[in-house]
Structures are given as C-alpha cells and as structure tokens.
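Me: I am new to this structure. Please take a close look at one part of it for me.

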Amino acid sequence: MEDLVQRVIKRVRKGDQQAFGELIDLYQHKVYQICFRMVGNRQEAEDLGQEAFLRAYLNIDSYDSSKKFSSWLFRIATNLSIDRLRKKKPDYHLDAEIAGSEGLTMYSRLAADGDLPEDQVVSLELQETIQEEIMQLPPKYRSAIIMKYIEDLSLKEIGEVLNIPVPTVKTRIHRGREALRKRLRHV
Amino acid sequence: MACNSDTAALMHKVLDEIADEKDKQDLTLHLQSCLECREHFEELKRTIAIVQSASRVKAPENFKKSVMARLPREKRRPAVRRWLQTHPVVAAAALFLIFMTGYLFQIWHAPQEVAVMGEGHVVKGSDIVIVPEDVVINGDLIVHNSDVRIEGKVKGDVTVINGRQYMASAGQVTGQIKEVNEILGWIWYQIKHLFTGLVSLHEIRGFSL
C-alpha cells in the first residue's frame with residue numbers, strides 16, 4: 001500500500017495531476033472525516049478537506065517520503081481545522097448545547113442496554129450527540145481522540161500526525177477519555 | 001476518585017492496550033474490591049464504545065472534482081507524456097507516418113536515378129534517360145525523376161516514376177510499361193513492391209527448407 005502511494009507521489013511531483021486524483025480517491029473520506037469531526041459542520045468540513053488536498057498538492061515537494069504520506073496529509077487537515085476553530089465565534093458551542101437534553105435520554109437508554117455491539121445501528125440522535133460531545137473537548141484532545149477512535153490510528157501514527165511524542169499522545173487521549181466520560185456519565 | 005492516581009494510570013494503560021499481564025491482574029484485583037473504580041472503568045469503556053460507534057462520514061460525491069478544479073493548471077509536458085503512455089499504438093503510428101512522409105518526399109524530389117536490372121546500359125541526359133538504338137536491355141528498367149526515350153529494346157518491364165516514357169515505335173518493350181506520376185500511386189507501387197518482395201523471399205525460404 002505504502003509502496004503504491006510512494007509511486008503515485010513520484011508522478012505527482014513530476015506534475016501529473018491525474019496521479020494526484022488517485023491520492024484523492026484513496027484519502028478523501030478520511031480527510032473529510034477528520035475535518036468534520038474537528039469542526040462539526042459538513043459544509044466547513046468539505047471546504048477544509050478541499051483546502052487540505054490543495055495544500056498537499058502545492059507543497060508536495062516538502063513532503064518527506066521516509067514518513068507515511070497519510071500522516072502528513074492528516075496533519076495538514078488537522079492544522080487547518082484547528083486554525084478554523086480559532087477564527088470562529090465563541091458562541092458556537094452554545095448552539096450545540098441545546099440538544100443536550102435529548103442526549104440525556106439516549107445515554108440512559110444506552111446504560112440499560114449495556115455495551116454497544118459493534119454492528120449495532122446507532123440512531124441519528126445519538127450520532128449527533130456523539131459529535132456534540134466530541135466538540136466539547138479542547139481541540140488538542142479532540143484531535144487525539146478522533147485519530148485514535150474514529151480513524152483507528154496507532155499511538156505512534158497519531159504522534160506523527162500531530163507532531164508530538166508518543167507520551168504526549170497518551171496524555172491527550174487519557175484526558176480526552178476522562179473528559180468524555182464525565183460528560184457521558186449522567187445516568 | 002477515592003483511589004490513588006496509580007489506579008487511573010493502570011486503567012488507561014489497559015485501555016491503550018500496552019498493559020502487561022501483571023498490570024491487568026493488579027487492576028482486576030483492585031476492581032473486585034473497589035466499587036468506585038469499577039464504575040469508573042466501566043464508564044471509560046462505555047465512553048470508548050460510544051465514540052467508536054460514531055458513523056464514518058463520507059466526503060460528498062463531487063469532492064474529488066472540486067479539488068481537481070482548484071488545482072493550478074497542469075504543465076503541458078506531463079499531459080502529453082500521459083497521452084503517449086495510454087495510446088502507444090497511435091503514438092507509434094503517428095511517429096511512423098511523420099518519418100515515412102518525410103522520407104517519401106525526400107526521395108520523390110531526389111535527383112534523376114536509373115536502375116537497370118539486368119544487362120545493358122543507358123545514356124543519361126540532364127532530364128532524360130535514353131536507351132540507344134543499338135542497345136538491348138535484358139531485364140527491367142526503372143527510372144526515377146526523369147523522362148525516358150526508348151530507341152533500343154527492353155526485354156522486361158519499364159517503370160517510370162515521376163516522368164514520362166517515349167518510344168520510337170511500339171513492341172520494343174516486351175514486358176509492361178508503367179508510368180507512376182502521382183505520389184500516392186508511387187506509394188502504392190512501393191507497397192506492392194515490398195509485398196511481392198516479401199512473398200518471393202518467403203517462397204525462396206520455403207523451398208530451401
């Protein structure tokens with residue numbers, strides 16, 4: 001997989017845009033997912049995802065091929081998303097809080113059902129609640145939790161994406177987990 | 001939390017899947033005796049399950065197209081190269097045609113050229129080739145870029161390419177007389193020639209085997 005990606009990147013470096021299209025095919029959903037989970041809005045996620053790919057294309061020469069391409073690309077997407085969050089109005093989170101009461105009933109139901117089976121169909125409301133709770137995390141913890149539990153990356157890979165050492169990754173995930181737990185505990 | 005932070009650290013170690021057997025044992029032992037920690041651990045596990053159950057969102061249909069449209073214009077070179085790579089036969093044919101045409105024009109406009117395939121000789125003028133009265137050519141005569149006047153005899157075919165042939169009287173040429181004055185006709189003549197050449201070569205090989 002990584003070999004294939006490296007070959008495609010060589011073609012991109014020579015200016016082959018069709019090769020870049022292949023990279024979009026491979027990573028568009030993951031990049032979009034990261035942006036969406038970071039900013040919590042589909043329109044913005046699309047905009048940020050496109051921007052991430054555009055920057056990757058323009059800066060392909062600064063990509064270090066000894067590292068995973070996906071880590072580099074995800075880092076661009078994450079940084080762009082964090083920049084966007086900084087520029088946003090502070091009242092954004094208040095919006096998200098309104099649906100909170102619904103979440104309460106959802107969680108109590110979940111508590112009665114016990115652990116979630118992997119293939120359980122999760123309701124739309126719960127999906128919204130999950131996103132709202134992720135949005136409540138500080139961006140530093142949010143990105144680590146997204147990489148770990150939604151993108152299924154290893155601790156080492158997360159370190160590469162966020163450009164931080166593995167112990168720092170662990171700390172952020174632990175704190176993110178604890179923060180989420182406190183919000184999801186109300187039973 | 002009533003228990004010390006070591007227990008919390010142990011929980012996260014287990015959740016990060018980096019705990020060894022002893023860590024796991026220690027945690028299990030503690031959780032059996034401590035309800036608060038047991039609840040804490042259960043809540044953490046449930047939190048993870050909930051986050052993991054977040055559906056994987058997909059980029060919209062037109063995502064790729066939109067990105068491609070925003071890329072700066074591609075330089076010409078790779079586009080041409082890619083076209084050549086995807087159409088190698090067309091590219092080879094085009095290249096062949098270019099060279100072939102160049103080659104054909106070159107020899108079409110070449111100076112006078114006479115080939116006598118057999119015995120006999122001819123007299124070459126500035127733009128005419130003459131087979132003198134007393135000469136008998138035992139074979140074919142091919143003349144390029146020149147007129148021909150046959151006063152003697154040719155015991156074979158006469159081909160005049162890009163020129164005309166004049167004869168003092170009929171019956172002096174035993175074979176066929178051909179005038180090729182159109183370049184396409186000439187190309188056709190060349191192809192036929194090549195083909196008969198190949199066939200005869202093939203036949204000779206067939207006999208020798």
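Which residue in S7(B) does Val143(B) stand opposite?

Reply: Val143(B) stands opposite Val160(B). This is a predicted model, in which local features need pLDDT of at least 70, side-chain atom pairs count only at pLDDT 80 or more, and totals for chains, interfaces and linings use all residues. Residues are numbered from 1 along each chain as its sequence is written, while chains are lettered from A and ligands numbered from 1 in the order in which they are written.

Start with the strands. Strands (E, at least two residues) and helices (H or I, at least four) are DSSP runs, numbered from the N terminus. Two strands pair if DSSP finds at least two bridges between them. S4(B) covers residues 136-144. Four bridges join S4(B) to S7(B), residues 158-161, and the two run parallel. S4(B) also pairs with S6(B), residues 153-154, in the parallel sense over two bridges. There, Val136(B) has Lys153(B) as its bridge partner.

Val160(B) belongs to a nonpolar core of 12 residues. Such a core is a set of buried Ala, Val, Leu, Ile, Met, Phe, Trp, Tyr and Cys residues joined through C-beta atoms within 7 Å. Buried means that 20 or more other C-beta atoms lie within 10 Å of a residue's own, with C-beta atoms placed from the backbone. Other members include Val129(B), Ile150(B) and Val154(B). This core lies apart from the largest nonpolar core, which has 49 residues.
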